[in-house]
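Work through these exercises with the model open. Try each task before reading its solution.

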Amino acid sequence: MPPLAATSTVWVGFSGGCDSHVLLHLLSRLRQSQPFDLRAVYVNHGLSPKAAEWGEHCHAVCDALRVDFYYQQVDATPKAGESPEAAARHARYAAFTEMLQPGDYLCTAHHQDDQAETLLLQLLRGAGPKGLAGMPASSPLGKATQLRPLLGFSQAQLLEYAQQHKLNWIEDESNSDTGFNRNYLRHDVMPALRQRWPSADATIARSAANCAEAAQLLEVLASQDYQSVKSESSTELDVHKLLELDFARQKNLLRYWVRQAGMSLPSEIKLQHIISDVLHAAADKSPCVKWLGAEVRRFDGRVYLMEPMLDFDRAELLEWHDLDHPLQLPNEVMLVCQQSKKLPALSLKKLRTAKLEIRFRHGGEQIRLPGKQHHVELKKLFQQQGIPPWQRQRIPLLFANGELVHVAGICIAEGFNADLLNDAVVIKQIQTS
């Protein structure tokens, strides 16, 4: 544990089980000699019919220890392709992150046995050094810090402590269900390993520490490669510079890039497809590789990382009757009309006297730019501006009396420019998802 001041707030992820009860009991005793604000939080995933009952038990334990108790109900419904265990974990940590304030600590009761099981699970999933590094003793969690102060102790030691202090804990019946991979390792695999190699848990934990060192070095290398390959935006990489790296460094950098964006990592197969289908695609192609919560695309010598784009009806036509109120579009974007502090800008006076419609590109649209005698095709304008193809059909087009007068964020048509600042407005897009 780091040094704690009287102003420190320490949260315990309290399930009511033996391990978290031991942790809470230890911290409540530590508080007697080293005062700090100790709180416990119970997260109800709704996965067990006994969850509410367990919450009451946790509340009673906290009252006995004079620890502030917090109860959180979460929705742990799995997303497509997500396991129930992963969904519960994500929901639990999302609740933790929302509750914690800057400088807070969240203590969880992970122990040496958990570390060994985690490494074996990652090994069986084909993880690299970062996955095999297991769980660190300390790591950032939102604006706070997560601590795992029991990693150096075995579950047997925690059980001995709990029995010695006559603690009363919950036995979750799901923990004995070997249909779950972790439980299978815990009940069927690890006992056999310990019988043959009594120090298996400590040895596996040492391997995890070695992998953590290797992962740290790979992270440093990826950071250096990223600085040389990144484009103007953090979500874009220069394909040609990326291809100058060898295959292993390409994969290392791509994983780093995705992690930095806070997105879920692609599988090894998806990573291979990113390299073969996206990085090595012909220059005139617009390939895309998708996985849970993310996708990678390529255009004009750059590779883009983004959240998956939802489909919407591009044929929909929306009338904008009142510029004083935002207009919600079907592609999770809201348009707002705001006063502009500089020119060029749209003329509010001219907009108010016209019938305004928002449409999306179908092909063949033209616009006459200021000072030009002839119209230019929108397709050519997008090409000149370097707009990626997947964005072109999502850009709102403002029509006044049936004529295209504004392409959001790109241009204004001849005759609709404001001459004075008190008549100048801009149309801004606000993401609503």
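**Exercise 1. In which sense do β1 and β2 pair, and over how many bridges?**

Solution. This model is predicted. Find β1 at residues 9–13 and β2 at residues 37–44. The two strands pair in the parallel sense, over 5 bridges. Now take Gly-13. Its bridge partner in β2 is Val-41.

**Exercise 2. Give the strand order of the open sheet, and find its edge strands.**

Solution. Start with the order: β3-β2-β1-β4-β6-β5. That makes 6 strands, with mixed pairing. Next, look for strands that pair on one side only. These are β3 (68–73) and β5 (138–141), the edge strands. Neighbouring strands are turned by 30° against each other on average, direction ignored.

**Exercise 3. How many residues does the largest nonpolar core have, and which element gives the largest share?**

Solution. The count is 37 residues. Among those with the most contacts inside this core are Trp-320, Leu-329 and Ile-367. Elements giving two or more residues include β13 (333–339) and α13 (378–385). The largest share, 4 residues, comes from β18. Now zoom in on Ile-367. Its contacts include His-375, Leu-381, Val-407 and Cys-411. A second, separate core has 31 residues, including Leu-4 and Phe-14.

Methods. Residues are numbered from 1 along each chain as its sequence is written. This is a predicted model: local features need pLDDT of at least 70, side-chain atom pairs count only at pLDDT 80 or more; totals for chains, interfaces and linings use all residues. Side-chain values use heavy atoms; hydrogens and water are left out. Two strands pair if DSSP finds at least two bridges between them. Axes are lines fitted to C-alpha atoms, for helices over the stretch in contact, and angles run from 0 to 180 degrees between N-to-C directions. A nonpolar core is a set of buried Ala, Val, Leu, Ile, Met, Phe, Trp, Tyr and Cys residues joined through side-chain atoms within 4.5 Å. Buried means under 20% relative accessible area, exposed over 50%, partly exposed in between (1.4 Å probe, protein chains only). Contact means heavy atoms within 4.5 Å. Lists of a residue's contacts leave out its neighbours within four places in sequence.
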